[in-house]
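Take a moment with the sequence and the model below.

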Amino acid sequence: MPEEKKPAAKVEPLRKTHPCPECGKPSHREHYPFCCNRCREADLSRWLTGAYAIPVADDETKADYPDEEN
């Protein structure tokens with residue numbers, strides 16, 4: 001019996017492609033949100049060398065925490 005070819009299913013991606021934060025090219029599923037492994041590793045390198053930092057208050061005791069009541 002000859003096998004019939006089934007039409008390919010139209011699968012919509014779970015999330016829209018966004019531009020790569022490094023170079024601006026469209027992102028790819030394997031490296032999301034980046035376009036390639038090079039851009040992914042460049043971003044990781046910046047985190048590991050301290051180029052990116054999360055700001056903190058100089059004096060944690062005087063920090064304004066909106067969830068806490070005085």
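Where is the place of D43? D43 sits in helix α1, which covers residues 37-49. The model is a predicted one. Its secondary structure amounts to 1 helix and 0 strands.

Stay with D43. This residue is buried, yet it has no salt bridge. R46 carries the nearest side chain of opposite charge, and it is 5.1 Å away. A salt bridge needs a side-chain nitrogen of Lys or Arg within 4 Å of a carboxyl oxygen of Asp or Glu. What does D43 touch, leaving aside its neighbours within four places in sequence? Its contacts are then E22, F34 and Y52.

Next, go to the segment before α1, where S27 is found. S27 is buried, with a relative accessible area of 5%. With neighbours within four places in sequence left aside, S27 is in contact with T17, H18, C20, Y32, P33, F34 and C35.

How many disulfides does a search of the whole structure find? The count is 0. Consider C23 and C35. The sulfur of C23 has its closest cysteine sulfur in C35, at 3.5 Å, and that is too far for a bond. Seen from C35, the closest cysteine sulfur is in C23, again at 3.5 Å. The cut-off for a disulfide is 2.5 Å, so a pair of cysteine sulfur atoms must lie within that distance to count. C23 is partly exposed, with a relative accessible area of 36%. C35 is buried, at 10%.

Now turn to the surface. L44, W47, L48, Y52 and I54 form a nonpolar patch there. Together they have about 570 Å² of accessible area. L44 lies in helix α1. Is L44 buried or partly exposed? L44 counts as partly exposed, at 46% relative accessibility.

Finally, step back to the whole protein. Of its 70 residues, 10% are buried. The protein exposes about 7200 Å², and carbon and sulfur atoms supply 53% of that area. Take the contacts between residues at least 6 apart in sequence: 5% of them join residues at least 24 apart.

Conventions:
Residues numbered from 1 in each chain as written. Predicted model: local features only at pLDDT ≥ 70, side-chain atom pairs only at ≥ 80, totals over all residues. Heavy atoms only, no water. Helix = DSSP H or I, 4+ residues; strand = E, 2+ residues; numbered from the N terminus. Buried < 20%, exposed > 50% of the residue type's maximum accessible area, 1.4 Å probe, protein only. Contact = heavy atoms within 4.5 Å. Areas by Shrake-Rupley, 256 points an atom, 1.4 Å probe, with all protein chains shown as cover. Lys, Arg positive; Asp, Glu negative; His and termini not counted. Patch = residues over 30% accessible without salt bridge, like charges linked within 9 Å, V, L, I, M, F, W, Y side chains within 5 Å.
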